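Please read this briefing with the sequence and the 3D view open beside it, and find each residue as it is named. The points are grouped by topic, and each group can be followed on its own.

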Amino acid sequence: MVSAAVKIDVRDLHVYYGHKEALKGISFDVRANEVFGIIGPAQSGKTTLLRVINRTLEFVAEARYKGQVRVDQEDIRQVRNVFELRRKIGMVAPLPVGLPLTIYDNVAFAPRMAGIRNREELDSRVEQCLRQAALWDEVKDRLNTLGTRLSGGQQQRLTIARALSHQPEILCLDEFSIAIDPVTTMRIEEVLKELCRSMTIILVTNLVQQARRLANRTMFLFEGEIVELDDTEVIFSDHPAQQKTYDYVNGIFG
Amino acid sequence: MKMRGMFHSRELLKEWLIEKLIWICGISAIFFVFGIFFFVFREGADYLLRGFHIREFFTSIEWYPTSRTQVRYGALALITGTFSVTLLAMFIAVPFGLGTAIFISEFCSPRAREALKIIIELLAAIPSVVWGFIGLTVMNSLIIHLFNAPLGLNVLNGGIILALMSVPIIVSIGEDALKAVPESYREAATALGCTRWQMTFRVLLPAARNGLLAAVLLGVGRAAGETMAVLMATGHSIRIPGGVLEPVRTLTATIAAELGEAPVHSDHYQVLFIIGILLFSITFIVNLTADLVVRGIRKK
Amino acid sequence: MFIRTHLTRRKKRHELYVKYVLLLMTLLIILPLILIVFYLIYQAAPILSLDFLLKNPIRGMRDGGIWAPLLGTIYLVLISLLIATPIGVFAAVYLNEYARESWFTRVINLAVVNLAGVPSIVHALFGLGAFVLFAGIGRSILAASMTLAIMTLPVLIASTKEALAAVPLAFRQACWNVGATRWQTIREVVLPNSISGILTGIILQVSRAAGETAPIMFTGAVFYKAIQEGDLLAYGLLDQCMALSMHLFTISTQVPDVPAALPYGTAVVLLGVVLLVNALAIVLRIKIRSRKKW
């Protein structure tokens, strides 16, 4: 089921915000077409990690990092076109961010910025992404209303549609269910199960059971360090390698 | 995949060019400030280095720029003029401005606060030449009637006009400073049983001290640099005033009044530019100090 | 229950006194001015008419209207706007979107503050030295507009910066995440969503530029210049022009025996233009605050 090809390779990654060390030298790899779960309490460096991978950490003035991150064997520091790298990675933030544009423009934004002007191509791309995000049926008659008018759950799916709109090979979801109801969460989880056939998914979640349901492998991150990384069954079994993992997964701390 | 590579290097070049353009605009303010200093200095430099009597300039009250026989450039009377009008203006504007700022910030319902702030903003928008005109007409006859003065265009007139002109800046910066005092100070003071005025005078004013000082400094800068209003409202008399009912001439008004008549690059013309350098330096220092004072509070 | 003692009553009374004293101070600042404005309008009433706006000054500026100065002011304001708006907006974009916390950014901010604090007459000297003489443009609408533009720049930078800062960071992050460049993000999302705030800044700049006198006195405005009545294109870029503010100064101080209503009328028109434009900015700002899209 899990192919052996390495999609993302992280070696000895340190991230500093000023003098504070947010990630303390972590190494792991993400394989192609797997769902890679990352669990851990708040402030353990999960979001920071995602920001390193798509190089948006650069926009945080006081942040710097060292170590090596490769995406498709290519060192992200040395990519020729950082915007291509970012398009290769879809990113879904914890709180849904509908850009103050119409639903259509929200999804067509990334393709347009990448230089696609052809109306038919945009139309089909928008429809495809909205279908993939299980939102098409709800919004197909009002594509020209503002994206910010949608409900929270719909907005989050719109965000997913937008993240898919630039045809990424990797989809990163950062605690996507934090602001939406359980029913919508389940719907999106179904969507993800569909999507992992065609792409690699990194699922950062504060709900450990979500990782259990979806992830092939799960990494437990705590205070900037990897406590344990193993197949999901092992992490959630009665005897993971670390006692701490067991405690966290079973809600004894965290 | 299809989408890659559509991002031509031409696009990246465009991005790069626009970023450079934005950067140039961003630093333009620095250029303009240096440019102002450079060009004003450039026009006055020749005389400043050649025959300028710096001592005479600061100590003599003899300002005879167009005299045939004995040309004198003593600016003491002009400096005193600027100083006296500004001082009087601050004497009026500081209590009233800070009082209004305190009223708006602490003693006022939210609705009235919005309304008052709008009025203050409109006050700030009145052009200086209109202020000058008000000084020339309304204030002039008021002063003549009330003080039985022979002449209504004098230090008092200019001082009141400048006070009214600098009140809005004192109010708005002062109100910002009061607003910046943490709400917890107010809550703590109220919990200790302070009345609102006790809280204001014992807690808020000391806490907002720096911001209020900056407000006053910016008011001084505004008043000292004002031109048209004082040109029209203070009368034209180059001498050290003996009282508020005597006319004076300020540094700014002198430039405005005489530059038109001074032949380009003549000594007189250059001395007017030297006055410009002096004014620039004064306001520069005042603004710098105000900024440092404000930064002081932010750091805390 | 809380019992009113002699002490609390005294405190209460004291507080009321303070409140009324402060209220009185506030009113002392505001009321006379409102009265003065009405007085100006009252004095100007006999002369205010459409003809007053559309006729040139005649008989040595002792009669007629304010057409030439009015049009001159419009020219100066519009051209200074054309020069200052792109520079000011881009400068604000730099300060808000690109600049990082550093000593260099501090120097820029300090320069903006100082630019706002430089006396208008010094701006006039600068315009004369730099544009009229050094650049060789001569006394002209162009030179005067450039001087005005630099003078009003800080107003625009400050309000644009405020408008940009009000756009949530999450919007920018969302754009960066899908591979939009910085400028694309600014162009497509940040600027469109702060446009009303920027517009407010532009309007304030208009009001500021319309009222200034000193900076244009030696760079392009003249005491008198007759132009074709009703011709909106009567001035050329390198012509000198009349201006409302300068005209008010001229007829109230330099020309003897001007009928009283004439300067009052000019003052009211100038004041009216400036206050109306400001009121527009305020209305716009209140509208923005009450109707956020996010």
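Ala229(B) is found in helix H10 (residues 228-233) of chain B, and everything said about it here comes from a predicted model.

- Leaving aside residues up to four places away in sequence, Ala229(B) touches Ser128(B), Trp131(B), Gly132(B), Gly135(B), Ile161(B), Leu162(B) and Met165(B).
- One of these residues, Leu162(B), is 67 residues apart from Ala229(B) along the chain, while the C-alpha atoms of the two are separated by 7.5 Å.

**The largest nonpolar core**

- The largest nonpolar core has 261 residues, and the members that touch the most other members are Leu203(A), Ile161(B), Ile170(B) and Leu76(C).
- Helix H3 (residues 67-98) of chain C gives the largest share of this core, namely 18 residues.
- Domain 1 (1-43) and domain 2 (79-299) of chain B both give residues to this core, so the core lies between them.
- What does Leu76(C) touch, if residues up to four places away in sequence are not counted? Leu76(C) touches Ile141(C), Ala144(C), Ser145(C), Leu148(C), Ala209(C), Ile216(C) and Ala243(C).

**The two domains of chain B**

- Chain B is divided into domain 1, which covers residues 1-43, and domain 2, which covers residues 79-299.
- The C-alpha centres of domain 1 of chain B and domain 2 of chain B lie 37 Å apart.
- Five residues of domain 1 of chain B are in contact with five residues of domain 2 of chain B, and the side belonging to domain 1 has four nonpolar, no polar and one charged residues.

**Contacts between chains**

- Where chain B meets chain C, 65 residues of chain B are in contact with 65 residues of chain C.
- Helix H1 (residues 9-50) of chain B gives the most to the side of chain B that touches chain C, with 20 residues, and by class that side divides into 43 nonpolar, 15 polar and seven charged residues.
- The contact between chain C and chain A takes 17 residues from chain C and 22 residues from chain A.
- On the side of chain C that touches chain A, helix H7 (169-177) and helix H8 (182-211) of chain C each supply at least two residues, and the largest share, six residues, comes from H7(C).
- By class, this side of chain C has eight nonpolar, six polar and three charged residues.

**The six-stranded sheet of chain A**

- Six strands of chain A form an open sheet in the order S6-S7-S8-S3-S9-S10, and the pairing in it is mixed.
- Strand S6 (89-92) and strand S10 (225-231) of chain A stand at the edges with a single partner strand each, so one side of each is left without a neighbour in the sheet.
- Neighbouring strands of this sheet are turned by 15 degrees against each other on average, if direction is ignored.
- Strand S7 (residues 170-174) and strand S8 (residues 200-205) of chain A pair in the parallel sense over five bridges, and the bridge partner of Leu171(A) in S8(A) is Ile201(A).
- Helix H6 (residues 152-164) of chain A packs on the sheet, where it touches S6 and S7 of chain A, and its direction makes about 165 degrees with that of S6(A).
- Helix H1 (residues 46-53) of chain A lies across S3, S6, S7, S8 and S9 of chain A, running at about 155 degrees to S7(A).

**The four-stranded sheet of chain A**

- Another open sheet of chain A has four strands in the order S2-S1-S4-S5, with antiparallel pairing.
- Strand S2 (20-31) and S5 of chain A stand at the edges with a single partner strand each, so one side of each is left without a neighbour in the sheet.
- Eight bridges join strand S1 (residues 6-17) to strand S4 (residues 63-71) of chain A, and Ile8(A) stands opposite Val71(A) in S4(A).
- S4(A) also pairs with strand S5 (residues 74-75) of chain A, in the antiparallel sense over two bridges, and in S5(A) the bridge partner of Val71(A) is Glu74(A), while that of Arg70(A) is Asp75(A).
- The hairpin of S4(A) and S5(A) has two residues between the strands, and in it Asp72(A) takes a positive phi near 50 degrees.

Technical notes. Residues numbered from 1 in each chain as written. Chains lettered and ligands numbered in written order. Predicted model: local features only at pLDDT ≥ 70, side-chain atom pairs only at ≥ 80, totals over all residues. Core = buried A, V, L, I, M, F, W, Y, C linked by C-beta atoms within 7 Å. Buried ≥ 20, exposed ≤ 12 C-beta atoms within 10 Å, placed from the backbone. Domains from an automatic or database assignment. Contact = placed C-beta atoms within 7 Å. Nonpolar A, V, L, I, M, F, W, Y, C, P; charged D, E, K, R; others polar. Pairing = 2+ DSSP bridges. Axes fitted to C-alpha atoms, helices over the stretch in contact; angles between N-to-C directions.
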